[in-house]
Amino acid sequence: MSGTTTAAARRRREAGAGANRWVVLVVLCVSLLLVAVDATVLHVAVPAVTEDLRPGGIELLWIVDVYPLVCASLLILFGTLGDRVGRRRILLLGYALFGVASAVAAFADTAQVLIAARALLGVGGAMIMPATLSILRQVFPDRRERALAIGIWSAVAAVGAAVGPLLGGFLLEHFWWGSVFLVNIPLMLVSLPVGRRLLPESTGDRDGPWDVVGALMAAAGLFGAVFGVKRLGGGEPPLSPVTLLPLLVGGALLAAFVRRQRRREKPLVDLRMFARPAFSTSVGCIVLAMLALVGLELIAAQYLQLVLDLSPLETGLRLLPLTVAAMAAGLAGANLLRRFGPRAMVCVGFCVTAAAVISLTAMGEHDNTGLLLLGFVLLGFGLETTLFGAYESMLSEAPPAQAGGAAAIGETSYQLGAGIGIALLGSVMNAAYTPGLSSVPGVPAADSAAAGHSLGEAYEVAARLGGPSGAALRDAARDSFVHGLHVTLLVSAGLLLLGAVMALRLPRVMECGAAAAGPTDVPSPREAADARTSRVTA
């Protein structure tokens with residue numbers, strides 16, 4: 001036991017040389033906070049941007065979507081490049097690019113300039129996100145401490161997602177829309193010199209050339225796949241060429257990327273990591289959790305605003321308990337993981353989240369504050385518990401040399417799960433919502449078809465019609481939306497319970513000693529014999 005403790009202490013000293021590892025964690029969390037805030041801060045500024053820059057419909061969609069689209073596409077490229085040239089170097093370059101792009105976005109005078117700046121912000125975010133996790137993996141070699149650090153990291157991510165719209169609303173009340181980007185610059189000006197001084201440099205396996213072709217194939221394939229999924233989530237026809245072609249090309253490129261990596265002696269991403277049950281199961285759990293919940297959150301926001309008639313600020317405040325519960329779960333995650341182990345933690349997290357989703361099926365056309373509070377608290381705590389356990393298991397199973405690639409895989413699975421979830425649950429919602437508007441008395445068929453697109457559009461049609469027919473359409477649309485919400489909640493609960501079954505493949509206990517040998521680090525027979533001989537001699 002004392003030997004293990006001494007070895008862990010030695011690893012901590014080596015990893016954190018030059019800076020206290022908890023100070024390093026603070027720097028990494030500030031990086032994450034910026035990226036998380038920037039992913040949501042623009043949403044409240046869209047009306048002001050539209051009024052000032054007068055973008056077309058397609059341009060407006062690109063202004064909103066280009067950041068997550070570019071970021072998701074480049075995660076594997078920059079995660080693996082960090083393993084090769086240095087994770088701190090990539091992180092600092094990401095800081096610089098993020099600051100420059102923020103300045104360009106703040107003073108953009110055309111929609112095209114703003115789209116280009118948002119794309120550059122996505123590139124910077126793709127540099128920052130996997131680097132923070134891979135550096136965290138290096139600085140905290142002891143799994144107990146790393147679990148606590150990941151809990152703090154994930155709590156900061158939850159804070160960033162919630163703070164974005166609130167910060168954006170505050171800045172818009174006092175300044176112009178560009179201020180939502182300018183707030184990044186002072187933090188980046190501080191983070192660059194502090195990060196350069198305090199963050200340790202680390203690399204993975206540098207043997208052999210970096211697979212440039214493979215990196216570009218992964219980036220292009222992910223861009224096509226994420227773009228197609230986002231169009232499906234936006235309600236576009238699945239057989240539309242603009243939707244189907246990117247999906248097919250993206251899928252083909254990703255399949256070719258996998259074949260290429262399996263054949264290379266020094267692959268960009270060592271796919272043998274997926275042979276480890278804990279790693280592949282953790283990635284699957286991340287995808288399923290995001291698939292079940294992200295689309296549901298968007299529908300819940302529509303319910304609060306359009307059915308309960310709450311303002312955007314009131315909607316944000318109603319959703320705040322979800323964020324607070326997620327923060328609490330992140331901070332308590334390390335203790336829960338040590339006490340119950342990854343299998344029980346992730347499985348129970350899925351079950352708690354499913355129970356929360358099922359309880360929310362009691363929502364109706366009238367406000368039930370207590371039910372919403374309980375449901376959102378359970379939802380936030382269960383989801384964060386699930387994601388914490390899955391991320392920690394995934395990162396701990398990855399060899400240190402592949403930390404950047406593993407972090408990129410985790411973040412990519414998060415983004416893909418979210419995109420697929422919006423498309424899948426949105427389709428379920430539409431399938432349950434639209435039939436209820438097909439035969440409203442006094443409403444023409446064309447108006448019924450238009451109202452079937454969304455609840456917001458149904459309200460616009462009802463206002464235009466006016467009179468008894470307009471009132472009847474409004475009531476029917478509200479009833480159909482609530483029915484669709486209930487169906488969507490049940491489908492989401494089913495996906496979450498499927499995730500609970502999947503989590504049974506995770507390890508029962510949290511292994512805090514040396515990492516178990518896996519497909520990427522199994523010693524040869526000669527090495528094993530030499531090791532046994534040296535131990536006998538000692």
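Select Asp475 to begin: in this predicted model, Asp475 is partly exposed, with a relative accessible area of 41%. Arg478 is buried, its relative accessible area being 15%.

The next stop is a second salt bridge. Select Asp447 and Arg464, whose side chains meet with an N to O distance of 3.0 Å. This pair links distant parts of the chain, since Asp447 is in helix H16 and Arg464 in helix H17, 17 residues apart. Asp447 counts as buried at 14% relative accessibility, whereas Arg464 is exposed at 56%.

Between these two helices, select His453, found in the loop that runs from helix H16 (445-451) to helix H17 (455-465). His453 counts as exposed, with 52% relative accessibility.

Move on to Glu397 and Arg276, where another salt bridge is found (3.8 Å, N to O). Glu397 lies in helix H14 (residues 369-397) and Arg276 in the loop between helix H11 (241-263) and helix H12 (277-307), so the pair ties together parts that are 121 residues apart in sequence. Glu397 counts as partly exposed at 21% relative accessibility, while Arg276 counts as buried at 6%. A search of the whole structure finds four salt bridges.

The largest nonpolar core has 141 residues, of which Phe78, Leu114, Phe181 and Tyr303 touch the most other members. Select helix H6 (residues 111-139) as well, for this helix gives the most to the core, with 15 residues. Then centre the view on Phe181: leaving aside residues up to four places away in sequence, Phe181 touches Asp38, Leu42, Ser102, Ala105, Ala106, Leu114, Arg118 and Leu121. In soluble globular proteins, nonpolar side chains tend to be buried together.

The tour ends at the surface. Select Leu166, Leu317, Leu320 and Val324, which form a nonpolar patch with about 320 Å² of accessible area together. Helix H13 (residues 312-359) gives the most to this patch, with three residues. Leu166 has its place in helix H7 (residues 143-174), and Leu166 is partly exposed, with a relative accessible area of 40%.

Terms used. Residues are numbered from 1 along each chain as its sequence is written. This is a predicted model: local features need pLDDT of at least 70, side-chain atom pairs count only at pLDDT 80 or more; totals for chains, interfaces and linings use all residues. Side-chain values use heavy atoms; hydrogens and water are left out. Patches are made of residues with over 30% relative accessible area and no salt bridge: like charges are joined within 9 Å, nonpolar side chains (Val, Leu, Ile, Met, Phe, Trp, Tyr) within 5 Å. Accessible areas come from the Shrake-Rupley method with a 1.4 Å probe; for residues, only the protein chains shown count as cover. Helices (H or I, at least four residues) and strands (E, at least two) are DSSP runs, numbered from the N terminus. Buried means under 20% relative accessible area, exposed over 50%, partly exposed in between (1.4 Å probe, protein chains only). A nonpolar core is a set of buried Ala, Val, Leu, Ile, Met, Phe, Trp, Tyr and Cys residues joined through side-chain atoms within 4.5 Å. Contact means heavy atoms within 4.5 Å.
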